[in-house]
Amino acid sequence: MEHKFCQSCGMPLTTDNKGTNADGSRNEDYCIYCYKDGRFTQDFTMEQMIEHCAQFTDEINKESGQTLTQEQAKDMMRQFFPQLKRWKNRTAMFIAILTYKKPLDEVDRFLQAHRDYLAEHYAAGDFIASGPQTPRVGGVILIKAESRAVVDSIIEQDPFNINGIADYRIVEFTPTMFVESSLSDILK
């Protein structure tokens, strides 16, 4: 017999714990904790879902006979969740906020190399927008990527990072509203 799992949290699906569609019928892909009345019950990123599910590690261990720590459970979920329908091929948005650690004359020495790096990632479809902060204390890059790990590997390539010019703060967010609906295509 094939075991079905919630395509959001990975919980085994049974007849009793299936979520509901907008018309009240049972949903075949998601559990009632993740999906109710045709909508997800939480606006989570995959990483937030993993953190949420890790709270139930003791229950998971009891049902499965395993003795996983929360960190081991999270590691397993990070391997399993990208295969689930809700998270598969999902693109997230990230804001990289750069803060200069060096004087502007040092920043300017690496500015052309940084712009070449930006151009390369615009061409690859990784970057959406970028520019200097006002006042010029750093910069901002709007990035789309499949995961934070991908963003980290992209940032590692920045000449500003390689040469110790800037610190980076990365913010992940899930766009849910757009000034124009066609902008949602940017995530595809």
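The model is predicted. A search of the whole structure finds eight aromatic pairs. The count of disulfides is zero. An open sheet of four strands pairs in the antiparallel sense.

**Aromatic pair Tyr30–Phe40**

- Among the eight aromatic pairs is Tyr30 with Phe40, in an edge-to-face arrangement.
- Their centres are 5.0 Å apart, with 80 degrees between the planes.
- Tyr30 belongs to strand β2 (residues 26-31) and Phe40 to strand β4 (residues 39-40), so the contact ties together parts ten residues apart in sequence.
- Tyr30 is buried, at a relative accessible area of 7%.
- Phe40 is partly exposed, with 33% relative accessibility.

**Aromatic pair Tyr117–Phe127**

- Tyr117 and Phe127 also pair edge-to-face.
- Here the centre-to-centre distance is 5.8 Å and the planes are 70 degrees apart.
- Tyr117 sits in helix α5 (residues 111-123) and Phe127 in strand β6 (residues 127-132), so this pair links helix and strand across ten residues of sequence.
- Both Tyr117 and Phe127 are buried.

**Aromatic cluster**

- Phe5, Phe80 and Phe81 form one aromatic cluster.

**Cysteines**

- A disulfide needs two cysteine sulfur atoms within 2.5 Å; by this rule there are zero disulfides.
- The sulfur of Cys31 has its closest cysteine sulfur in Cys34, at 3.7 Å, which is too far for a bond.
- Cys31 is buried, at 0% relative accessibility.
- For Cys53, the closest cysteine sulfur is that of Cys9, at 5.1 Å, again too far for a bond.
- Cys53 is buried too, with 9% relative accessibility.

**The four-stranded sheet**

- The strand order is β6-β7-β5-β8, and the sheet is open.
- Strands β6 and β8 (166-173) are the edges, each pairing on one side only.
- On average, neighbouring strands are turned by 15 degrees against each other, direction ignored.
- Strand β5 (residues 92-100) and strand β7 (residues 138-145) are joined by eight bridges in the antiparallel sense.
- Phe94 stands opposite Ile143 of β7.

**Helix α5 on the sheet**

- Helix α5 lies across β5, β6 and β7.
- The helix runs at about 160 degrees to β6.
- The Tyr117–Phe127 pair joins α5 to β6, with both residues buried.

Definitions and conventions: Residues numbered from 1 in each chain as written. Predicted model: local features only at pLDDT ≥ 70, side-chain atom pairs only at ≥ 80, totals over all residues. Heavy atoms only, no water. Phe/Tyr/Trp six-rings, centres within 6.5 Å; stacked < 30°, edge-to-face > 60°. Helix = DSSP H or I, 4+ residues; strand = E, 2+ residues; numbered from the N terminus. Buried < 20%, exposed > 50% of the residue type's maximum accessible area, 1.4 Å probe, protein only. Pairing = 2+ DSSP bridges. Axes fitted to C-alpha atoms, helices over the stretch in contact; angles between N-to-C directions. Contact = heavy atoms within 4.5 Å.
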